[in-house]
Amino acid sequence: MAFLCINGDHFLLKYIDRKEEEKMNFYSVTLEKTVLFYKGGEFTAHENWKHKRMFHKGDYEIILCVKGPIYIQLDQEQYVINAGEVLLIPPFINFFGYKNSTQGVDFYWLHFFSRFKESKINLKESDLIASVKNNPSKDRKILLPNKFTLADYEQSVILIHQILSSRSESSYLQMRDYLTSALLIQLFNSYISNSYINEEDSRASFIKEWIRAHISSTLTVPGIAKQLELNPDYLTRIFKKCTGMTMLQYLNHLKIEVATTLLVRTEMSVKQISSRAYFNDSKVFIRKFHQELVLSPTEYRKSYHLIHLNNPHIDPQIPIPKDIADSIDFIPENGNIKENDFLVKK
């Protein structure tokens, strides 16, 4: 790891030392067909909570941490999951909380099945990145590690809310399958983009992080260029090339992301959210919001507001639905299957 300092601000720079890099486990998810959404919700606990001991019979689980840390052990490996980080729990693995979260936790949880026999692959992260960049369309398969940090936390939260807010009637189940598949693709892209970037992308990432850190200030291109000690024309060109947006477009997009998160996670009024999302005028906020999402803030909130909530006193045990079991011919309805029938090690 290394740090870049710009006028007193420190930014974490990730790089890969190929000589010292160790291999790590990645889990495949094949998307020739959609994955099958199983169950999900949001979990909250106020203090001194730890995850009970569990074992999944064929289903994967995604945990997206909103408030942590969460302490989970997968077999012999211990993980600390902080806000903005994701834990992928593969099937057929014993896991449990190995330490209390003294300050309480808040996280989204989502289970899904793959329709294919998947693989656990042990390789270097740099080799995976190189393979993805050299063969971007080789096959319809993604690989994810057990734990990684999200580069686009707000977008993932909104997509999870969209999945969990979908109605549970049978006519809506396929929608959840497609949305869960889309979430996995987004998580994969976020992991890849956050793991390795070239020099220009790296500089654009620093600019984005600087803007995010100073979003509450009145920002202009000349002002940003002065603070970053860059030529304004070069700054504009490199940012547009790497992000596909102007800095003004990115700034508005960032503010809208903050607003969407507040809309689905709080009960604040639209006017309060406008202020918290760094808009000086609520009317401007509503107009910009509608331009980007084709919905008013109120309409957006109604679309993604209701999801399953649970706490330490409510632990939903949802049997595998028959339509899911029937879709995966090597998973019997009672879920009593062997690891060797599902997960292939490489």
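Where does Asn 48 lie? Asn 48 sits in the loop that runs between β4 (36–45) and β5, where helices (H or I, at least four residues) and strands (E, at least two) are DSSP runs numbered from the N terminus. Before I go on, please keep in mind that this is a predicted model, in which local features need pLDDT of at least 70 and side-chain atom pairs count only at pLDDT 80 or more, while totals for chains, interfaces and linings use all residues. Residues are numbered from 1 along each chain as its sequence is written, and side-chain values use heavy atoms, with hydrogens and water left out.

Let me stay with the backbone for a moment. Most residues other than glycine have a negative phi, and most peptide bonds are trans. Asn 48, which is not a glycine, has a positive phi near 50°, and with a relative accessible area of 49% Asn 48 is partly exposed; here buried means under 20% relative accessible area, exposed means over 50%, and partly exposed lies in between, with a 1.4 Å probe and protein chains only. Glu 229, in the loop between α5 and α6, likewise has a positive phi, near 60°, and Glu 229 counts as exposed because its relative accessibility is 64%. There is also a cis peptide bond, joining Gly 68 and Pro 69 with omega at about 5°, and Pro 69 has its place in the loop between β6 (60–67) and β7.

Now the chain as a whole. The protein chain holds 11 helices and 16 strands, and 47% of its 346 residues count as buried. If we take contacts (heavy atoms within 4.5 Å) between residues at least 6 apart in sequence, 76% of them join residues at least 24 apart.

Turning to the strands, four of them form an open sheet in the order β5-β10-β7-β8, with antiparallel pairing, where two strands pair if DSSP finds at least two bridges between them. The edges of this sheet are β5 (54–55) and β8 (77–81), each of which pairs on one side only. Within the sheet, β7 (residues 70–74) and β10 (residues 94–97) pair in the antiparallel sense over three bridges, and Gln 73 stands opposite Phe 96 in β10. Elsewhere, strand β3 (residues 23–30) is joined to β13 by five bridges, again antiparallel, with Ser 28 standing opposite Leu 143 in β13. Strand β13 (residues 141–145) is mostly covered, since four of its five residues are buried.

What about the helices? Two packed helices are described by the angle between their axes and the distance between the axes. The axes are lines fitted to C-alpha atoms, for helices over the stretch in contact, and the angles run from 0 to 180 degrees between N-to-C directions. For α5 (residues 221–228) and α6 (residues 232–243), the axes come within 9 Å and cross at roughly 100°, which means that α5 is roughly perpendicular to α6; angles under 35 degrees count as roughly parallel, over 145 as roughly antiparallel, 65 to 115 as roughly perpendicular, and the rest as oblique. On the α5 side the contact is made by Val 221, Ile 224, Ala 225 and Leu 228, and on the α6 side by Pro 232, Leu 235 and Thr 236. By class these are six nonpolar, one polar and no charged residues, with Ala, Val, Leu, Ile, Met, Phe, Trp, Tyr, Cys and Pro counted as nonpolar, Asp, Glu, Lys and Arg as charged, and the others, Gly among them, as polar.

Helices α7 (residues 247–265) and α9 (residues 282–293) pack at about 95° with their axes 10 Å apart, and are therefore roughly perpendicular to each other. Their contact has six nonpolar, three polar and two charged residues.

I will finish with two side chains. Thr 180, in helix α3 (residues 173–195), counts as buried because its relative accessibility is 0%. Its side chain reaches the backbone oxygen of Arg 176 at 2.7 Å, and, neighbours within four places in sequence aside, Thr 180 is in contact with Val 35, Phe 37, Leu 110, Phe 112 and Ile 163. Gln 155, in helix α2 (residues 153–165), is partly exposed at 32% relative accessibility. With neighbours within four places again left aside, Gln 155 is in contact with Gln 186, His 253 and Glu 257. The side chains of Gln 155 and Glu 257 are joined by a polar contact of 2.9 Å, a polar contact being a pair of N or O atoms within 3.5 Å; within protein, one must be able to donate a hydrogen and the other to accept it, and residues adjacent in sequence count only if both atoms are side-chain atoms.
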